[in-house]
Each structure stands twice: as structure tokens, then as C-alpha cells.
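Please keep the sequence and the structure in view while reading.

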Amino acid sequence: MTQAQKSNTILDAEIYNPLSLSRTLFSRGMTLIACFLTALAVLPLFAILYKILGEGLTHLSWEVLVSLPAPVGVEDQPNGFANAILGTALMVGIATLISVPIGVMTGIFLSEFGRENKAMANSIRFITVILSSVPSIVVGVFSYALIVVTTKAFSSLAGGFALGIIMLPVVALTTEQALKLVPTSYRLASAGLGGGRFQTIFRIIIPSALPTITTGILLAASRAAGETAPLIVTALSSQFWPPLVDKLGEIMQSPIGAETISKLKEIPETLLTPTPSMSVLIYSYASSPYKEQNELAWTAASVLLGMVLIASVASRTVTRKRLQNR
Amino acid sequence: MTNPSKKRKKVTRKSPEINTALDLTDTSGEGLWIESGFTMFVWAFALATAGTLFWISAIIFKDAWPAISNFGLSFLWNPKWDIGELQFGALPFIYGTVISSAIAIIIALPLGLSVAIVTSENFLPPWVRSPLGFMVELISAIPSVIVGLWGIFVLIPFLLPLQQSLFDNFSWFPLFSSEPLGPGMLPAGILLSIMILPTVAAISRDVLLSVPVDLRSASMSLGATRWETIFKLLLPAASSGIIGATILALGRALGETMAVTMVIGNSIQINQSLLAPSYSIPAVLASQFREALEPLHIGALMYLALILFVITLLVNAVAVLLVKLMGVKGAKN
């Protein structure tokens, strides 16, 4: 065998089997490990969903959604958390009223006015991103110091205000993203037809970005609905209907006249009382020693999680679709 | 030619055909008022959003002042927290916050990185990959109180035998030197790792995807295997972004309140064992604010909130800047 033939067989071996055994094993092994760890990472999601569907949906009924919490130990009374659903809706509503105007305007600034004030827009964007990462309990403490201390009452106003601060940066950043998806040619066309900046933004850009902005707001609101920490230090909880609900009921029933107006004047006061919410109810029922309250915590969790996940999945698919369409 | 303003009136009111004489330099129209008013509004609201951050810090600092002037910086390393004697120190809470977050990072980093690699590489078909990434991101949408509920009723009972066997076999090791009760530092850390995993995974994935394709083509064409490319090229190239993602996740872990409050055991003592109950800054804020009556107690809680605020602010600022260095959008979530 000549030297040339020898090197030829080695070359053959290298062509047909280029990788040494150790490198192949390393590569395969790492792939296995990575897939295993990924499966491990997804496991909690399934565990949580499984438990919530199992525990929560078995006790879910119409009665639970429309009745007040029954006193512990009372068997013959319907037990539910309707007041907490309304309380959450009330506070998320207040939060939306606070955060949407400011947030959308900030988004417009970042996207439309940021072009000529790059440095300013960058610093405001940076601060907004930082604001979105402030721990929610710190926002709650801030709202406590600002509203609970001055009005001397734990209230839905303070809770809604805290949730509004939490929603604000999310609304601002998603609005900016939504506006950036609108093609520049729209802006140029509007300007070419003599549209001012106000007209361009409100007649052209906002309408075409509206679906994305709305899903952003929905996502922010659903996140706010799940917040607990700021509500514990601001809104507390209660066993009764949020007072605003009672007051609105009275107004609906009373004849229109002076009485209605005097009742309308009482509405601000009704915002200054402790208010129940889904998340605080889950928190307090989770650590309760009574089994029926634990079960109710699971049911409330399934309702809350259902709302949050639907909003989240819906908004993600809508934004994803819009991103792909471009 | 007479007075131009007079002429303009005539044009708009009466005869549209002389519109060619329109004065384009005119600055008195109603449209311009809307325009400048709108600009002012947008500026004002944008500044209001940015100002909120400073407003929060000012208010909390103001309310923390009684405690700051009373205890000074020694508050940070004073281990005593006694409401009756009005003696307040932050050490037990700082310790609990830092250790539970550290456990969370140690667990979440390898898991999150593998999710990022698996969802950005192509060894799984796309129909598996994208739902996988989606599912991990869904974890971040679950309200933390629900994760806490799951922690109390599922995770703690599941971990208890494991903790017990750790104690039985390794009680000579300081980290496992106390009888497990159920709630404690370890369950809190594990629960936190579940909650911060999506942050690590999503941002690391974006960073990995933003590494230029040319680089990996070059590496593969020189004969490197997939994992050699990942370890020697992708991870080093994406390192600043991955570190940023980890720090961002750390920021979330430090401030996470409900899940930790529900499983950490809320006990004001520093115990080196991970099986012992502990406390964290957010947990003590959530559980003591409602009952705080003494101004000094409220002040001490505000001081704790200020510490948490400053730490998370610094951590997040560093993280956002690091991720920005990689030019990735993911930091915004």
C-alpha cells in the first residue's frame, strides 16, 4: 500500500463520517438537555391551568357570579363573589379613564413628535420603560401616601389610581408601537393634501391604528385586573356591594327630580370607601382556614384567569396578524 | 394692492374663485390654533408620564423622611423589627428579598436560555416552536395572586417531602439545616423562577435571533456543529443582551409581591437555612400597611418602599441599557 492510498482511506473515512464520536454525542446530548429543560419550563403553565380547570370549573355556577359572599358557616345562603367582580370592573374602569388619555397622548408624542426631538423622545421613552418596571407594590404605596392618607379612607379611587399608574406606561408603549405600524406614506399623503398635523393624526393615523391601540389598552386593563398588591394597601376589601353600585341602583329607581340630583352629588363619596376586588378576594380566601372559601378562591381564580388569558391571547393574535400583514 | 387682511376676508366669504390669492404665510387661521394647542397638549401629557416617576419618588421620600431622620443609614443593617418598641431595621427583609431572587435567577437562567435556544434554533418544526414560545410567554400573563394560590395548594405540598428528605440527609449543610414547615425561602424562590422565566426566555430569544445570519453561516461552514456554534458564537455574541435579560428578570423578582407573600412564610428572622420561613420587602409592605398606625411604623414601611424603589430602578435602568446595546425591541415588555 502506498502512502497515497493510505491517506485516501483516511480521507474516505472523514468524508463519510466527518464528526468525531465525542462531538456528535455532545451535540445530540445538548439537544436532548435543551428540549428537556424547555419541557420543564412549560410544565408549570400546564400544572396551573390543569389545577384551575379542575378545581375552579367544578364549583363555577351562575349563582357564584351573581351573589354576595355568604357569612362563614351559613349553609342555606347562596355564596359568591359578584361584588368583587363589580369592584374590579369599577377600579379597572377608573384606571382606564386615567391612563388612556395620558398614555395615548404620550404614545403619539413618542411616535409622531419623536422624529424631530430625538433626544427628548428617547429620554421620555426610557423613563416610560423604567416606569413600567416599578414594582406594583411601590405604586400601591405611592397611591396610599397620596390618596389614602389625604382622604383618610381606603377607597376604590385610590385603588383605581394605582392601577391607572400601572397601566399608563403599557398604554403609552403599545400606542407608540401601534402608530409606528402605520406606513409613512399615509402621513405623506395626508400632508400632501394639505392636512395639518392634528388632522393627519386624528383623521388618518389614529383610525388606521385603532384596532392595535384598542388591543393594547385591553391587554393593559387585563393586566391591571389581575394586580393584587396595590389594591391590598389602597382599596382593601369588603363583604358588600361597592357603594357606587348601590347608589346607581337608587338613582335608577328614584323619580327624576331634585332627589336624583342630590343622589348624584353623593357619587364622589361612594368612591371613597373600601372596595372588594377579585384578586384581593383570591388572596384572602386562599389563606382562609375554611374549605368553602378555598374552593371559592379557585373559582374566582378560574374566572379571573379566563378573562386575562382571553384578553392576552386575543390581543397577541391580533397584533401578530397585523405585523405579518405588512 | 390694499391691506392684505381685508382682502382675505373678502376671499373666504364671497368669491372662492380668487382663492389663488390665498396668503400661505398667514398665521392667524383657526387651524393653526388647533395645531399649536394640540402640540402643547401632546407635550404636556408626555411630560406628565415621565414626571410620574419623579412624583412617585418625591412622595415616597417625603413620607419616609421621619424614619430616615430617625434611623439613618443604619436602618439597612439593623436586624431588629419590633413594632411594639418602635425599633425598625430592614436587614431581615433585604436578606429575604435578595436570597429568594437569587434562587429564582439560578433556576430561571438555564431554563429560560434553553427555551430561547429551542425556540430560536430550527431543530424543532415551526409548528412546535412557535406555540412553545407562546406558551412560555403566557405564563407572564397569569396574575401573580393565582400563581401564589397554586403555590399554596400545589407547589408547597409537592415540595414538602423533597424538602424533608433534604433536611434528613443534608442537615449538616447550613443551607438545609432546619426542619421544613412548608412555606419558606425555597418554595418562594422556585415560584419566583416560574414567574420570571418568560422574561429571560423572551428577551434572550430576541437577542439570539438578532445575531447576524452571516456569522452563524460562517461558523457552520467551517465545520462547527450546531452546539459548537451556539456555545462559541451565538451565546458570546448575545451575551450583553442575555445579561440584560437576566438583570431585567432580577428586577421583576425583587419587586414581585403576591406570590412571595403567599409562600415565603412571613417570619421576621434571618435563617441561613433555605427551608426556613423568611420575609421579603414587598411582602412586608403588602401585609403590614393596612394595620400600621404609628407614624414611625408607616415611615419605616415607606423607607422600605424607598429602598425597593431605588434598587429596582437601578437594576432596571442597567438592564434596559444593556439590552438596548443589542438593539432589540424585547426590552419594552
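## Basis and confidence

This is a predicted model, in which local features need pLDDT of at least 70, side-chain atom pairs count only at pLDDT 80 or more, and totals for chains, interfaces and linings use all residues. Residues are numbered from 1 along each chain as its sequence is written, chains are lettered from A and ligands numbered from 1 in the order in which they are written, and side-chain values use heavy atoms, with hydrogens and water left out.

The average pLDDT of chain A is 86 (pLDDT is the predictor's confidence in each residue, from 0 to 100). In chain A, 95% of the residues score at least 70. Among the elements of chain A, the lowest mean pLDDT, 71, belongs to helix α1 (residues 3-16), and the highest, 94, to helix α7 (residues 156-180). Helices (H or I, at least four residues) and strands (E, at least two) are DSSP runs, numbered from the N terminus.

## Chain B as a whole

Chain B contains 12 helices and 0 strands. Its pattern along the sequence is α-α-α-α-α-α-α-α-α-α-α-α.

Chain B has 333 residues, of which 51% count as buried. Buried means under 20% relative accessible area, exposed over 50%, and partly exposed in between, with a 1.4 Å probe and protein chains only. Among contacts in chain B between residues at least 6 apart in sequence, 73% join residues at least 24 apart; a contact means heavy atoms within 4.5 Å.

## Nonpolar cores

A nonpolar core is a set of buried Ala, Val, Leu, Ile, Met, Phe, Trp, Tyr and Cys residues joined through side-chain atoms within 4.5 Å. The largest one has 190 residues, and those with the most contacts inside it are Phe81(A), Ile108(A), Phe75(B), Ile146(B), Leu285(B), Phe289(B) and Leu304(B). Helix α12 (residues 295-325) of chain B gives the largest share of this core, 16 residues. A second, separate core has 6 residues, including Ile94(A), Ile251(A), Ile267(A) and Leu271(A).

Leaving aside residues up to four places away in sequence, Phe75(B) touches Trp81(B), Phe88(B), Gly89(B), Ala90(B), Leu91(B), Ala300(B), Tyr303(B), Leu304(B) and Ile307(B).

## Pocket and cavity

On a 1 Å grid over the protein atoms alone, a cavity is a set of points where a 1.4 Å probe fits but cannot get out, and a pocket is an open set with protein on both sides within 12 Å along at least five of seven lines; lining residues have an atom within 4 Å of a point. Grid points are joined across faces, edges and corners, and a volume is the space filled by probe spheres set on the points. The second largest pocket has a volume of about 390 Å³. It is lined by 17 residues, and the closest to its centre are Leu43(A), Pro44(A), Leu155(B), Ile190(B) and Ile194(B). Two or more lining residues come from each of α2 (21-59) of chain A and α3 (91-120), α5 (144-170) and α6 (185-209) of chain B. α5(B) gives the most to this lining, with 6 residues. The lining of the second largest pocket divides into 16 nonpolar, 1 polar and no charged residues. Here Ala, Val, Leu, Ile, Met, Phe, Trp, Tyr, Cys and Pro count as nonpolar, Asp, Glu, Lys and Arg as charged, and the others, Gly among them, as polar.

There is 1 cavity of 30 Å³ or more. The largest cavity holds about 50 Å³ of space. Its lining consists of Val115(B), Ala116(B), Thr119(B), Gly133(B), Val136(B), Glu137(B), Ala201(B), Ala202(B) and Arg205(B). Helices α3, α4 (126-139) and α6 of chain B each give two or more residues to this lining, which divides into 5 nonpolar, 2 polar and 2 charged.

## Single residues

Ser222(A) sits in helix α9 (residues 197-226) of chain A and counts as buried because its relative accessibility is 10%. Beyond residues up to four places away in sequence, Ser222(A) touches Val308(A) and Ala311(A). Ile242(B) belongs to helix α9 (residues 239-255) of chain B and is likewise buried, at 9% relative accessibility.

Most residues other than glycine have a negative phi. Lys152(A), however, has a positive phi, near 60 degrees. Lys152(A) lies in the loop between α6 (136-151) and α7 of chain A and counts as exposed at 73% relative accessibility. Leu236(A) also has a positive phi, near 50 degrees, and is found in the loop between α10 (229-234) and α11 (243-253) of chain A.
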